[in-house]
Amino acid sequence: MPRGRKPGSKNSATKAVKPGPSIAATLFAAADKLRGNMDAAEYKHVALGLIFLKYISDRFDARMAEVKANPEEASLLDDPDAARDLIISEGIFFVPGRARWTFLKENATSTKPTIGELVDQAMIAIEAENPTLKGVLTKNYARQELDQTKLGEVLKLISDIKFEGAHHGQDVLGRVYEYFLGEFAKLEGKRGGQYYTAGCVVKLLVAMLEPFKGRVYDPCCGSGGMFVQSERFVEEHAGKHVDPKKARDQIAVYGQESNATTWRLAKMNLAIRGIEANLGSKWADTFHEDLHKGLMAKYVLANPPFNDSDWGRRQAEG
């Protein structure tokens, strides 16, 4: 999974929006209008998928601006394979033309095909170009219950936030994404705990274990909050225990998740933050199908689903 990198280009026709809860709250209120009769558990993937698409498209555009400004690299753009290598070699997802945010924004009011169909096509194209995202992205934006006019309006609103720089962009996106996860967990009530652990609990567990260096493992990782906080912990303590320049390389992340949609959510959550993680080749129950057999981890962080009584005890014991 690609790591973050700070693009050199900062030029933009749209003024960058500073990170903050008010931005996230405004976006959520607007996006929530799309929900209609859909259950929050289903709808969250629609909203978070759009944010993910906006981020990787911004990163791609910023990298392309760098390439075009470099005569040596610009000369390679006529070769499709070489151009693609220039992008992915920097840890950035490759985004095909009709999958880029600028194209989708220009066609936000399209009716034939609908904007939802165009977004679905964009997600399919991105997965085809980036093997690590295969089977991860949401691809049901054209469904009847999703108001296409409102979808176009939300798409335009998200356009006002710029996710360009590696760290600045990840900070903005990270706060928005985290806010969305928390709000959806509230809407879902108890069911939200299957993919989201309250931030205060995550911070407490990480602070107790102090994962400065080594392998960090979560056998029921949900949307990956433990990993996000672990990397944040290392960065916050850089200079005391860790070289600031090497902070993000101090820990290796391993996890597993049994719920298919939550596993996809975790993959996106970590990808947008530039966190490399091994979550297994698929979603699977740790008790009955351990995808990390033989793994020796220095830190094990987990918030198990304590209210899940039907977890297959007899099968695990027998």
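Begin with strand β2, which is mostly covered: four of its five residues are buried. Buried means under 20% relative accessible area, exposed means over 50%, and partly exposed lies in between, with a 1.4 Å probe and protein chains only. Helices (H or I, at least four residues) and strands (E, at least two) are DSSP runs, numbered from the N terminus.

Before going further, note that this is a predicted model, in which local features need pLDDT of at least 70 and side-chain atom pairs count only at pLDDT 80 or more, while totals for chains, interfaces and linings use all residues. Residues are numbered from 1 along each chain as its sequence is written, and side-chain values use heavy atoms, with hydrogens and water left out.

**The whole chain**

Now display the entire protein, which has twelve helices and four strands. Of its 318 residues, 47% are buried. Contact means heavy atoms within 4.5 Å. Among contacts between residues at least 6 apart in sequence, 74% join residues at least 24 apart.

**The sheet**

Select the four strands next. In what order do they form the open sheet? The order is β3-β2-β1-β4, and the pairing is parallel. β3 (277-278) and β4 (299-300) stand at the edges with a single partner strand each, so one side of each has no neighbour in the sheet. Two strands pair if DSSP finds at least two bridges between them. Strands of a sheet pair through backbone hydrogen bonds, either parallel or antiparallel.

Select residues 214-218, strand β1, together with residues 251-255, strand β2: these two pair in the parallel sense over five bridges. Within this pairing, Tyr217 has Tyr254 of β2 as its bridge partner.

On its other pairing, β2 meets β3 in the parallel sense over two bridges. Here Val253 stands opposite Ala277 in β3.

**Asp218**

Select Asp218, which lies in strand β1. Is this residue buried or exposed? Asp218 counts as buried, because its relative accessibility is 1%. Its side chain reaches the backbone nitrogen of Cys221 at 3.5 Å. Not counting residues up to four places away in sequence, Asp218 touches several residues, among them Met226, Phe227, Tyr254 and Leu301.

**Arg232**

Move to Arg232 in helix α10. At 26% relative accessibility, Arg232 counts as partly exposed. Apart from residues up to four places away in sequence, Arg232 touches Glu178 and Arg273. Select Lys203 as well: the C-alpha atoms of Arg232 and Lys203 are separated by 9.8 Å, and the two residues are 29 apart along the chain.

**The nonpolar core**

A nonpolar core is a set of buried Ala, Val, Leu, Ile, Met, Phe, Trp, Tyr and Cys residues joined through side-chain atoms within 4.5 Å. In the largest one, with 71 residues, select Phe52, Leu104, Val119 and Phe180, which touch the most other members. Helix α2 (residues 40-69) contributes the largest share of this core, twelve residues. Centre the view on Phe52: leaving aside neighbours within four places in sequence, Phe52 is in contact with Phe93, Leu133, Leu137, Met268, Ala271 and Ile272.

**An aromatic pair**

A search of the whole structure finds four aromatic pairs. Select Phe60 and Phe94, whose ring centres are 5.3 Å apart and whose planes are at 90°, so the pair is edge-to-face. Phe60 in helix α2 and Phe94 in the loop between α4 (80-88) and α5 (101-106) are 34 residues apart, and the pair links distant parts of the chain. Both Phe60 and Phe94 are buried. Rings of Phe, Tyr and Trp (its six-membered ring) pair if their centres lie within 6.5 Å; planes under 30 degrees apart count as stacked, over 60 as edge-to-face and the rest as tilted.

**Two backbone details**

Select Lys112 and Pro113, which are joined by a cis peptide bond with omega of about -5°. Pro113 lies in the loop between α5 and α6 (115-129).

Finally, select Glu210 in the loop between α9 (199-209) and β1. Glu210 has a positive phi of about 50° although it is not a glycine. At 40% relative accessibility, Glu210 counts as partly exposed.

Note on methods
A polar contact is a pair of N or O atoms within 3.5 Å; within protein, one must be able to donate a hydrogen and the other to accept it, and residues adjacent in sequence count only if both atoms are side-chain atoms.
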